[in-house]
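Work through the exercises below with the sequence and the model side by side. Try each task before reading its solution.

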Amino acid sequence: MLHTIVRWIRKVYPGVVFGGYLIAFILAFTMVFMLPIGALGMVFLAVMALIPVVALLAVVKAVERPLAHRKLRRGKCPACEASSVVPRDLRDGNGGTGFACGACGALFTARGADIEVDAEISAAAN
């Protein structure tokens with residue numbers, strides 16, 4: 001359950017951050033006409049907020065990976081919760097192994113991180 005919540009947070013996090021920055025842009029744009037120094041302050045705060053935003057995403061990923069790895073060791077897919085995970089050679093140039101879900105087709109590294117299917121297809125083509 002905890003992994004499902006953390007995975008959902010990681011999936012929606014970029015959209016929420018983009019929405020927050022879009023709202024900040026609209027607010028700063030309207031402030032240009034009413035209070036120009038406020039708009040300058042908003043821009044400064046938005047740039048400085050990038051540091052904790054990126055750091056928080058790294059923390060969420062660091063929390064999610066061990067939880068996903070635990071599910072993979074039990075044979076459960078972290079994406080769809082099906083018990084159809086099998087070990088697989090990823091052909092990533094390093095000769096690394098990972099996991100593939102037979103139910104949803106999701107790919108995972110040996111450490112539990114998601115692998116985009118497009119990246120796997122392009123690595124196999126090379």
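**Exercise 1.** In what order do the four strands stand in the open sheet, and is the pairing parallel or antiparallel?

Solution. The model is predicted: local features need pLDDT of at least 70, side-chain atom pairs count only at pLDDT 80 or more, and totals for chains, interfaces and linings use all residues. Residues are numbered from 1 along each chain as its sequence is written, and side-chain values use heavy atoms, without hydrogens and water.

- Step 1. Strands are DSSP runs (E, at least two residues), as are helices (H or I, at least four), numbered from the N terminus.
- Step 2. The order is S1-S2-S3-S4, and the pairing is antiparallel.
- Step 3. S1 and S4 (114-115) stand at the edges with a single partner strand each, so one side of each has no neighbour in the sheet.
- Step 4. Pairing requires at least two DSSP bridges between two strands. S3 and S4 pair over two bridges. Leu 107 has Ile 115 in S4 as its bridge partner.

**Exercise 2.** Check the span of helix H2 (residues 36-73).

Solution. 

- Step 1. The expected span is 1.5 Å times one less than the number of residues.
- Step 2. For the 38 residues of H2, this gives 56 Å.
- Step 3. The end C-alpha atoms are 56 Å apart, which agrees.
- Step 4. Now look along the helix. A kink of about 30° lies at Leu 50, shortly before Pro 52. The bend is the angle between axes fitted to the seven residues ending at a residue and the seven starting there.
- Step 5. Just after H2, Gly 75 takes a positive phi of about 90°.

**Exercise 3.** What do the buried residues of H2 pack against?

Solution. 

- Step 1. Buried means under 20% relative accessible area, exposed over 50%, partly exposed in between (1.4 Å probe, protein chains only).
- Step 2. The buried residues of H2 include Val 53, Val 60, Leu 67 and Lys 71.
- Step 3. They pack against helix H1 (2-34) and strands S1 (85-89), S2 (97-101) and S3 (107-109).

Conventions. Contact = heavy atoms within 4.5 Å.
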